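What follows is a walk through one protein chain, meant to be read with the sequence and the coordinates open side by side.

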Amino acid sequence: MKLNPLGRTGMMVSELCLGTMTFGTQTTEDEAHAQIGMALAGGVNFVDTAEMYPVNPVSADTLGNSERIIGSWNAKTGRRGDYILATKHSGEGMKHARGGAPISSATIAPTIEASLRRLQTDYIDLYQFHWPNRGSYMFRQNWSYDPSSQNREETLANMEDCLQALQREVERGTIRAFGLSNESAWGTAQWLRLAEERGGPRAASIQNEYSLVCRMYDTDLAELSVNEDVGLMAFSPLGTGLLTGKYQDGAVPEGSRKSINPELGGRHSPRVYDAVAAYLEIAERHGLDPVHMALAWCRTRPFMASAIFGATRLPQLEHLLKSVELELSKEVLDEINAAHRMHPMPY
């Protein structure tokens with residue numbers, strides 16, 4: 001398993017990251033503990049979670065349970081020091097956390113403390129803001145995105161306020177680094193500028209959606225990533241399972257994400273299945289497993305820090321881990337680029 005730098009933090013993270021958003025709903029505690037052990041044995045040293053997890057669905061009753069399950073594994077095994085742990089502070093509007101209050105200096109310290117208790121650890125390696133208070137064009141909101149109502153001065157003042165609070169946490173030793181999620185190029189640039197000018201931890205990473213069927217990151221954010229050493233933590237690199245092919249021709253496997261969320265968070269569309277078919281045809285033509293091809297392609301991207309995968313069951317995890325053995329040929333990469341031109345932004 002290759003290791004990549006996590007921004008300029010000095011930490012090195014595995015090119016695959018274990019995602020945990022099913023821990024506590026689709027994935028039981030015992031299964032989740034087994035997954036963490038298998039992932040670490042397979043060379044993964046990076047685990048990502050969030051205070052609001054698990055999802056499918058998100059509810060007040062389950063809020064924080066993914067962190068609790070990781071925490072019980074930490075306590076049971078004593079292996080907290082064997083991996084890099086990332087979690088997230090929910091943004092404005094998450095009604096189950098702090099009544100939907102925005103991220104601010106008033107929320108950061110108590111939210112970190114609550115995560116530390118659930119995770120049964122003294123420190124978080126990477127602390128991320130789950131989405132910006134001002135809103136985001138992620139999660140299919142790009143089709144109607146309009147930033148004209150944003151207040152620039154308020155946004156920048158909040159960023160500076162948060163950076164000061166984060167710096168206090170770095171000095172306390174509760175967090176080692178800071179990351180963004182569902183962020184834009186402008187927003188990331190401002191976080192970087194303010195950290196340099198006013199102080200505070202420099203953003204080390206951006207966790208945005210990225211896959212063969214979701215490539216919004218390829219332009220401005222890609223340029224920012226490469227020039228500013230802010231790596232992408234790609235979530236949904238398999239397009240919420242679409243790129244496995246399991247949902248083709250109307251199939252909905254029992255217990256799958258689509259059986260719980262039929263619209264797949266807005267990704268279900270007539271065009272997406274044609275796009276998936278194009279990538280499945282490339283994989284079949286070259287004798288490749290489509291899951292391995294999708295993850296191997298992510299590893300070729302020049303801005304990639306780590307691709308976050310999730311598995312509900314151990315056999316799925318075992319299969320996903322084998323993707324690091326695959327290196328894609330130029331011919332396959334050229335065909336992938338041609339398919340992307342034919343099927344841009346399918347959802």
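A residue is called buried here when its relative accessible area is under 20%, and exposed when that area is over 50%. By that cut-off Cys162, at 1% relative accessibility, counts as buried. The model is a predicted one, and every value below was computed from it.

A search of the whole structure finds zero disulfides. Cys298 is likewise buried, because its relative accessibility is 0%, and the cysteine sulfur closest to its own, that of Cys214, lies 11 Å away, which is too far for a bond.

From there one can turn to the nonpolar interior. In soluble globular proteins, nonpolar side chains tend to be buried together. In this model the largest nonpolar core has 85 residues, and those with the most contacts inside it are Leu18, Phe129, Tyr279, Met293, Leu328 and Ile336. Helix H8, covering residues 270-285, supplies the largest share of this core, namely eight residues. Leu328 gives an idea of how the packing is made up: with its neighbours within four places in sequence set aside, Leu328 is in contact with Leu288, Met293, Ala296, Trp297, Leu333 and Ile336. Apart from this core lies another, of 13 residues, which includes Met11, Cys17, Leu126 and Ala177.

With 15 residues at 1.5 Å a residue, H3 should span 21 Å, and its end C-alpha atoms are 22 Å apart, which agrees. The buried residues of H3 are Thr107, Ile108, Thr111, Ile112, Ala114, Ser115, Leu116, Arg118 and Leu119. An α-helix has 3.6 residues a turn, so residues three or four places apart point the same way. What covers the buried residues of H3 includes helix H2, the strands S5 (84-89), S6 (124-129) and S7 (175-181), and helix H4 (152-172). Just after H3, Gln120 takes a positive phi of about 50°.

Other salt bridges also reach across the sequence. Glu335 pairs with Arg285, the closest N and O atoms being 2.7 Å apart, and this pair links helix H11 (residues 330-342), which holds Glu335, with helix H8, which holds Arg285, across 50 residues. Arg285 counts as exposed, because its relative accessibility is 53%. Elsewhere, Glu15, Arg299 and Glu327 are linked in a network of salt bridges.

A further bridge, between Arg301 and Asp218, has its closest N and O atoms 3.2 Å apart. Here the linked parts are loops 83 residues apart, with Arg301 between helix H9 (290-299) and strand S10 (304-309), and Asp218 between strand S8 (203-209) and helix H6 (220-228). Arg215 is found in that loop between S8 and H6 as well, and the side chains of Arg215 and Asp218 are joined by a polar contact of 2.6 Å. Arg215 is buried, with a relative accessible area of 13%; not counting residues up to four places away in sequence, Arg215 touches Tyr210, Trp297, Arg301, Ile336, Asn337 and His340.

Ser136, in the loop between S6 and H4, counts as buried at 14% relative accessibility. A polar atom of the Ser136 side chain lies 3.0 Å from the backbone nitrogen of Met138, and, leaving aside neighbours within four places in sequence, Ser136 is in contact with Gln141, Tyr145 and Asn182. Trp186, found in helix H5 (residues 185-198), is partly exposed, with a relative accessible area of 33%. Trp186 touches Arg134, Arg152, Thr155 and Leu156, when residues up to four places away in sequence are not counted.

How values were computed:
Residues numbered from 1 in each chain as written. Predicted model: local features only at pLDDT ≥ 70, side-chain atom pairs only at ≥ 80, totals over all residues. Heavy atoms only, no water. Core = buried A, V, L, I, M, F, W, Y, C linked by side-chain atoms within 4.5 Å. Buried < 20%, exposed > 50% of the residue type's maximum accessible area, 1.4 Å probe, protein only. Helix = DSSP H or I, 4+ residues; strand = E, 2+ residues; numbered from the N terminus. Contact = heavy atoms within 4.5 Å. Salt bridge = Lys/Arg side-chain N within 4 Å of Asp/Glu carboxyl O. Expected span 1.5 Å × (residues − 1). Disulfide = S-S within 2.5 Å. Polar contact = N/O pair within 3.5 Å; in protein donor to acceptor, adjacent residues only side chain to side chain.
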